Amino acid sequence: MNFRKALSALFCALGAAFTTAGCTGSPEHLPDDEALLDSVERRTFRYFWDGAEPISGMARERIHIDGIYPENDAHIVTSGGSGFGAMALLAGIERGYITREEGLERFERIVGWLERADRFHGAFPHWWDGETGRVHPFSPKDNGGDLVETAFLMQGLLAAHQYYAEGSEAERALAARIDRLWREVEWSWYCNGEEVLYWHWSPDFGWEMDFPVRGYNECLIMYLLAASSPTYPIGPEVYHEGWAEGGAIVDPHEVEGYPLRLRYQGGEAGPLFWGHYSFLGLDPRGLHDRYADYFEEMRNYTLANRAYCIRNPKGYAGYGPDCWGHTASYSVGGYAGHAPDEANDLGVIAPTAALSSIVYTPEESMQVMRHLYGRLGNRVWGPYGFYDAFSETDSWYPQRYLAIDQGPTAVMIENYRSGLLWTLFMSHPDVRRGLERLGFERTGTQPTGR
């Protein structure tokens with residue numbers, strides 16, 4: 001049975017539940033906030049459970065419900081999206097969406113597959129073929145190690161390690177296997193002899209992608225994990241001279257009236273996933289180093305994005321306090337890194353942008369969630385939660401999902417509700433040592449949930 005037929009069979013099986021649990025598009029049927037949060041988290045979790053590639057257990061790069069799906073992509077799995085998915089699976093176990101036994105079986109399948117799949121100096125590629133474990137090029141020269149996507153995957157696996165490390169004999173064995181994968185990533189090798197980390201290396205093209213990672217974007221977690229490695233660590237100077245550019249990463253400025261302290265690549269602010277990906281496990285509450293207070297920075301970064309959408313300088317339909325959020329997502333013309341500036345504002349809203357920001361802007365993000373569910377309804381809501389993106393201006397409502405957008409939605413909702421993934425990741429002893437090595441400190445108290 002091919003993927004599309006299997007997906008259709010699944011929807012038929014879920015038909016009754018989908019009809020009774022689906023939204024009506026009418027605000028009078030809106031559940032209370034706790035029920036709505038649980039419904040969104042549960043549906044989004046299903047992307048990584050029911051929608052996973054069956055052989056590897058990994059997250060498919062994309063799933064198209066509208067049938068516009070390239071058949072040769074059906075088994076393409078993503079490393080970063082699978083790291084986000086690993087955290088969503090842990091949340092699903094704790095919420096009772098699946099049993100602990102079911103979760104363990106899935107993690108054993110994932111880890112066993114990763115042990116056999118292509119790696120490059122211990123680092124994972126961006127994409128694999130889920131059936132074979134062979135690298136699937138992300139672009140012509142990107143057919144080797146992707147250190148950023150590796151960091152996203154390891155963030156999720158380290159959270160799983162902590163979840164299972166003190167469990168049953170089988171769970172402890174799984175944690176030990178995760179630890180071996182972690183120890184085999186050659187983070188320092190990806191410095192290429194310099195005081196900076198490089199994003200890519202290919203066995204065919206070497207360092208030709210030539211992407212040293214400097215200045216703020218989604219890659220903070222890569223530097224933290226590289227400093228945390230017990231086997232191939234970078235020195236603190238790689239973080240301070242490479243990522244932080246010898247201090248030049250500090251560039252105080254305002255966007256939409258909100259003060260920001262960091263220099264963002266390519267403009268005064270960027271897409272909202274820059275405030276999500278590194279902080280799915282890395283708890284930003286009270287976290288600071290010599291460059292920024294990360295919770296305050298990301299909260300203001302989110303509010304500036306929201307304020308731009310409310311100001312709506314290009315006059316797009318639907319924008320407002322209950323419909324905002326620019327991030328990388330599907331777009332009317334394909335895929336785009338939507339951002340809060342006129343050059344990168346294409347009239348497209350991605351639900352993950354506001355919903356994954358709920359840890360920074362709980363009231364404002366809930367306002368968007370209620371609007372999407374109650375007003376836009378089934379135009380934007382499907383079997384795996386809210387679809388990836390839409391444009392009211394273009395009457396464009398594609399029924400498509402991306403792993404890298406679904407994952408943060410489920411994970412950040414769980415962090416907002418309980419702090420689960422933050423607690424797990426931050427408890428890892430190597431992570432604690434890495435934070436200390438780079439000069440991070442935490443102030444105040446960090447509650448386990450809201």
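# Notebook: a predicted model

**Helix H5.** I began with helix H5, residues 100–116, in what is a predicted model. H5 has 17 residues. From its first C-alpha to its last I get 25 Å, close to the 24 Å expected at 1.5 Å a residue.

I then looked up which residues of H5 are buried. They are Gly103, Leu104, Arg106, Phe107, Ile110, Val111, Gly112, Trp113 and Leu114. I noted that Arg106 is on that list, along with Phe107 and Trp113.

Next I asked what covers the buried residues of H5. The cover includes helices H3 (33–49), H4 (79–95), H6 (147–164) and H7 (169–183). It also includes strands E2 (76–78) and E3 (127–129).

**Confidence.** The protein chain averages a pLDDT of 92, and 91% of the residues score at least 70. Residues 1–22 are another matter: pLDDT stays under 50 there. For this stretch the model has 26 contacts beyond four places in sequence.

**Arg42.** One of the helices covering H5 is H3, and Arg42 is placed in H3. Arg42 counts as partly exposed, at 37% relative accessibility. I took its separation from Arg60, which is 18 residues away along the chain. Their C-alpha atoms are separated by 18 Å.

**Cysteines.** How many disulfides does a search of the whole structure find? It finds zero. I wanted to know why, and looked at particular sulfurs.

For Cys219, the closest cysteine sulfur is in Cys191, 14 Å away, so the two are too far apart for a bond. Cys219 is buried, with a relative accessible area of 0%.

For Cys309, the closest cysteine sulfur is in Cys323, at 8.1 Å, which is also too far for a bond. A disulfide would need the sulfur atoms within 2.5 Å. Cys309 counts as buried, at 0% relative accessibility.

I went back to Cys191. It lies in the loop between H7 and strand E5 (200–201). Cys191 is buried, with a relative accessible area of 7%. Which residues touch it, leaving aside neighbours within four places in sequence? Cys191 is in contact with Val196, Leu197, Tyr198, Ile234 and Val238. I also took the C-alpha separation of Cys191 and Gly242. They are 51 residues apart in sequence and 9.5 Å apart in space.

**Aromatic rings.** A search of the whole structure gave me 39 aromatic pairs. One of them is Phe390 with Tyr397, which is stacked: 6.0 Å centre to centre, with 15 degrees between the planes.

Are the two partners buried or partly exposed? Phe390 is buried, with a relative accessible area of 2%. Tyr397 counts as partly exposed, at 23% relative accessibility.

Tyr397 came up again when I searched for charges over rings. The charged end of Arg379 sits over its ring, 5.4 Å from the centre. I noted a second case at Tyr330: Arg400 lies over its face, at 5.8 Å from the ring centre.

Most residues other than glycine have a negative phi. I looked for residues that go against this and wrote down two.

Where is Glu256 placed? It is in the loop between strand E6 (250–255) and strand E7 (258–262). Phi of Glu256 is near 55 degrees, a positive value in a residue other than glycine. Glu256 is partly exposed, with a relative accessible area of 27%.

The other is Asn312, with phi near 50 degrees, again positive in a residue other than glycine. Asn312 is found in the loop between helix H10 (294–311) and strand E9 (328–331). Asn312 is buried, with a relative accessible area of 14%.

**Gly419.** My last entry is a loop glycine. Gly419 lies between helix H13 (403–417) and helix H14 (420–426). Gly419 is buried, with a relative accessible area of 0%. I took its separation from His64, which is 355 residues away in sequence. C-alpha to C-alpha, Gly419 and His64 are 31 Å apart in space.

Key
Residues numbered from 1 in each chain as written. Predicted model: local features only at pLDDT ≥ 70, side-chain atom pairs only at ≥ 80, totals over all residues. Heavy atoms only, no water. Phe/Tyr/Trp six-rings, centres within 6.5 Å; stacked < 30°, edge-to-face > 60°. Buried < 20%, exposed > 50% of the residue type's maximum accessible area, 1.4 Å probe, protein only. Lys NZ or Arg CZ within 6 Å of the ring centre and 35° of its normal. Helix = DSSP H or I, 4+ residues; strand = E, 2+ residues; numbered from the N terminus. Expected span 1.5 Å × (residues − 1). Contact = heavy atoms within 4.5 Å. pLDDT = per-residue confidence, 0-100.
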